[in-house]
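Here is a note for a colleague who is meeting this structure for the first time. Please read the points below with the model open beside them.

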Amino acid sequence: MSRAAIPGLPSRYPIGEQLPALYAEDDFAQRFTGGLDTVLAPVFSTLDNLPAYLDPRLAPADFLTWLASWVGAADDPQWPPERRREAVARAVELHRWRGTRRGLVEALRLALGARAEVEDGGGAVWSSTPGADLPPAPSAEVLVRVRPLEPGTRLDPARVHELVRTMSPVHTTCRVEILPAPPAEEGR
């Protein structure tokens, strides 16, 4: 819904009341400024509430997509509103953790509603014996196991692979396993 289409939105700053006393009783001047008030009321309302538009927890739903584009957040209009708001609110934090295990796990949870386990065989190799051959290098492959958080839901493999590719460092090779959701707990 567009905020400009709110019928009867009053102006907090009626122009007719700010005219000189000469025009206070002029019917044409009051009707003319009343028309301007109708047009300007949504603009003033938006400007008065601008901080709320920039806060993802408070922003109108139709503004959230634009706000997500500002911070590079994943946004899907089909997601529940609370997940969309959390993705936008945490976008900067996720960018900070991009390329790490933590960043990948959080991105999969926020963007796809998935639980992920990341097994990384990387690390440093060294030898305590001077002049000895180095131990074999660890595997550079990262294993990402992903499963839906909610029982009965399925993950789109293409979206999972795309997100893993986007959130992983370029030099890593990732193997993705998509597992079924855990069974629903009894007595819930």
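1. The lining of the second largest pocket is made up of six nonpolar, two polar and five charged residues, where Ala, Val, Leu, Ile, Met, Phe, Trp, Tyr, Cys and Pro count as nonpolar, Asp, Glu, Lys and Arg as charged, and the others, Gly among them, as polar. This pocket holds about 180 Å³ of space, and of its 13 lining residues the closest to its centre are R83, L112, R154, L155 and R159. Helices α6 and α7 are the elements that give two or more residues to this lining.

2. The model is a predicted one, in which local features need pLDDT of at least 70 and side-chain atom pairs count only at pLDDT 80 or more, while totals for chains, interfaces and linings use all residues. Residues are numbered from 1 along each chain as its sequence is written, and side-chain values use heavy atoms, with hydrogens and water left out.

3. On the terms: on a 1 Å grid over the protein atoms alone, a pocket is an open set of points with protein on both sides within 12 Å along at least five of seven lines, a cavity is a set of points where a 1.4 Å probe fits but cannot get out, and lining residues have an atom within 4 Å of a point. Grid points are joined across faces, edges and corners, and a volume is the space filled by probe spheres set on the points. Helices (H or I, at least four residues) and strands (E, at least two) are DSSP runs, numbered from the N terminus.

4. L112, which lies in helix α6, has a relative accessible area of 15% and is therefore buried (under 20%, with exposed meaning over 50% and partly exposed in between, for a 1.4 Å probe and protein chains only). Between L112 and W79 there are 9.0 Å in space, C-alpha to C-alpha, although the two are 33 residues apart in sequence.

5. The largest pocket has a volume of about 270 Å³, and of the 16 residues that line it the closest to its centre are G72, A74, A107, L163 and M167. Helix α7 gives the largest share of this lining, five residues, and the lining of the largest pocket as a whole divides into 10 nonpolar, three polar and three charged residues.

6. A search of the whole structure finds one cavity of 30 Å³ or more, and the largest cavity is lined by R115, A116, E117, R145, V146, R147 and L179. Strands β1 (114-120) and β2 (141-148) each supply at least two residues of that lining.
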